[in-house]
Amino acid sequence: MTQTTLRQHLQAQQTDTDLMILMEDIATACRMIADRVRHGAFAGVLGAAETENVQGETQKELDVISDELFQQVVGGNPSLAALVSEEVDEVNWRKTAPQAGDFVVYYDPLDGSSNLDVNLSVGTIFSIVRLNAAIAPEASAVQIKGTKQVAAGYAIYGPSTGLVITVGQGVDGFTHHPGSGEFLLTQPEMSIPPETKEFAINASRYDMWHPPVRNYIDDCLRGKNGPRGKTFNMRWCASMVADVHRILTRGGVFLYPADAGNAAQGGKLRLMYEANPMGMLVEQAGGASSTGLGRILEVAPTGHHQRVPVILGSREEVAVIEGYHKK
Ligand code: P6P
């Protein structure tokens, strides 16, 4: 059985050399983060750091360690203009005069880190944009629409360490092979079934949901004798990477809507390094990604830590949910 490495796969897709090297650097950072996560209990770093991130969230020690690793490994790439991290308020400019052809990488170094101390899956999410002109190193210059992404992906630190990527030619899944250290192709051409009977939402926020989401979930819960005519299942991992990986593998729909509790912030999840990369992956796998009122990738950013409502997954179910928002 032929084993295809990440590099061989990217070469087969005629990926631009600079982009391929950048993605390999990101894969290296993810392997190093995986190692620190898997040894976290022995290093005593599964707990909370004494710091908060720009989101006002208490950082886990591994959040900080993962961000530092990502900066150390990816930050040295000669084609990189800037890094934008969930864990860092300011844009991390790597060049004083970014040029056309340079890349901006947006990333969440350790998504779902509240799961660390209970040993559930966490991950690293990344989004890559390529500059089409020289820019001044100012924060507004990295507020670039999701449709401009040239690549996106995530690593998932679960029972195995996985890497799922797109360069705009579909979605492919790799698994870290400890013996060789390589990410080997194990889930080629990932595709989301258009229909589903499975939704993922934090149901504890029911009393804060706006009517479109509450009506949608109520109708799903009324089962085969209700308006949907079928019985639904629910999953919620509290780790976007884990929920999205399940949806890319077997279908489903994921919702983190704006609600009465987060409306002032625009929602919970971040556009540039959660919604946009996951949105590109889901669309490339035949799914849909929406704010409820429109395509996530079309949202014009107003800040690099901006939050948006997120509804993504099986395209026909996303369309049903958008219908509830239009009523
Ligand atoms: P809640 C993790 O903190 C995260 O950003 C996503 O990975 C996840 O889907 C969501 O927040 C979990 O939110 O409200 O269930 O804690």
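User: At about what angle does helix H8 run to E17?
Analyst: Helix H8 covers residues 315–326 and lies across E13, E15 and E17. Helices (H or I, at least four residues) and strands (E, at least two) are DSSP runs, numbered from the N terminus. Axes are lines fitted to C-alpha atoms, for helices over the stretch in contact (heavy atoms within 4.5 Å). On the 0 to 180 degrees scale between N-to-C directions, H8 runs to E17 at about 150 degrees.

User: What are the ground rules for numbering and confidence?
Analyst: Residues are numbered from 1 along each chain as its sequence is written, and side-chain values use heavy atoms, without hydrogens and water. The model is predicted: local features need pLDDT of at least 70, totals for chains, interfaces and linings use all residues, and side-chain atom pairs count only at pLDDT 80 or more.

User: Which strands are the edges of the five-strand open sheet?
Analyst: The order is E12-E11-E13-E17-E15, with mixed pairing. Two strands pair if DSSP finds at least two bridges between them. Each edge strand pairs on one side only: these are E12 (233–234) and E15 (288–290).

User: Which residue in E17 is the bridge partner of Ala 288?
Analyst: Strand E17 spans residues 310–313. Three bridges join E15 to E17, and the two run antiparallel. In E17, the partner of Ala 288 is Gly 313.

User: Is Ser 127 buried or exposed?
Analyst: Ser 127 is found in strand E6, residues 122–130. Buried means under 20% relative accessible area, exposed over 50%, partly exposed in between (1.4 Å probe, protein chains only). Ser 127 has 1% relative accessibility, so it counts as buried.

User: With which side chain does the side chain of Ser 127 make a polar contact?
Analyst: A polar contact is a pair of N or O atoms within 3.5 Å; within protein, one must be able to donate a hydrogen and the other to accept it, and residues adjacent in sequence count only if both atoms are side-chain atoms. Beyond four places in sequence, Ser 127 is in contact with residues including Val 104, Tyr 106 and Met 272. The polar partner, at 2.7 Å, is Gln 149.

User: How many residues of helix H6 are buried?
Analyst: H6 spans residues 240–250 and is mostly covered. Among its buried residues are Met 240, Asp 243 and Arg 246.
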